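Here is a short briefing on one protein model. The points below are grouped by topic, after a few lead sentences.

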Amino acid sequence: MAGQKRIACARRLLDTYAALMAATIARRSRPELGHSGLAAQQGFLSPEALIQNWTGSSKGDAYKLVAVGTMMADTEAADKLVEEALSTLSTPDARRRCRCCRHRGCCRRRGVHREGALAGAGCPGRHRRHALG
């Protein structure tokens, strides 16, 4: 029983790695690269055809690998963006509030406040007469 669990775990890891590699191949073979893309350089019309040839899988499996890998890569990129946004909210400047609107850092993200305004020089735009506090 324990051996079967280890095999299943290894299979999941290999499938995950295969999907991420398929996404990388698709990214390096995107149409705007033309003949300099990875699949085109290898003589294939699409990244799916390249993956199908290299792995010996079916056309449908190659398409699924690329689709799942691309979704996983997009999710990782979105998670990084969220992490970066949350980390900027935890900085001292982002915690300061505009006295007139009481928003915490959102004015800075929308570009309503300049850097000088965050240093206490006052709000530009619709918050022109108010300073941050």
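Just after helix α3, Gly56 adopts a positive phi of about 75 degrees. The model is predicted. The protein has seven helices and zero strands. From the N terminus on, its elements read α-α-α-α-α-α-α.

**Overall figures**
- The protein has 133 residues, and 23% of them count as buried.
- Its accessible surface is about 9500 Å². Carbon and sulfur atoms contribute 56% of that surface.
- Take the contacts in the protein with a separation of 6 or more: 32% of them join residues 24 or more positions apart.

**Helix α1**
- Helix α1 spans residues 2–28, which gives it 27 residues.
- From its first C-alpha to its last, α1 reaches 39 Å. That is close to the 39 Å expected at 1.5 Å a residue.
- The buried residues of α1 are Ala19, Ala22, Ala23, Ile25 and Ala26.
- The cover over these buried residues includes α2 (38–41), α3 (47–55) and α4.

**Helix α3**
- Which residues of α3 are buried? They are Pro47, Glu48, Leu50 and Ile51.
- These residues lie on the same side of α3, because they cover an arc of only 160 degrees around the axis.
- In an α-helix with 3.6 residues a turn, residues three or four places apart point the same way.
- The buried residues of α3 pack against α1, α2 and α4.

**Salt bridge**
- How many salt bridges does the structure hold? The structure holds one.
- The pair is Arg30 and Glu32, whose side chains meet at 2.9 Å, N to O.
- Opposite charges on side chains can pair when the charged atoms come close.
- Is Glu32 buried or exposed? Glu32 counts as exposed, because its relative accessibility is 61% and the cut-off for exposed is over 50%.
- Arg30 has 32% relative accessibility, so this residue counts as partly exposed.

**Nonpolar surface patch**
- Val82, Leu86 and Leu89 form a nonpolar patch on the surface. Together they have about 250 Å² of accessible area.
- Leu89 belongs to helix α4, which covers residues 59–89.
- Leu89 counts as partly exposed, because its relative accessibility is 32%. Partly exposed residues fall between the buried limit, under 20%, and the exposed limit, over 50%.

How values were computed: Residues numbered from 1 in each chain as written. Predicted model: local features only at pLDDT ≥ 70, side-chain atom pairs only at ≥ 80, totals over all residues. Heavy atoms only, no water. Salt bridge = Lys/Arg side-chain N within 4 Å of Asp/Glu carboxyl O. Buried < 20%, exposed > 50% of the residue type's maximum accessible area, 1.4 Å probe, protein only. Helix = DSSP H or I, 4+ residues; strand = E, 2+ residues; numbered from the N terminus. Contact = heavy atoms within 4.5 Å. Areas by Shrake-Rupley, 256 points an atom, 1.4 Å probe, with all protein chains shown as cover. Patch = residues over 30% accessible without salt bridge, like charges linked within 9 Å, V, L, I, M, F, W, Y side chains within 5 Å. Expected span 1.5 Å × (residues − 1). Arc of directions from axis to C-beta.
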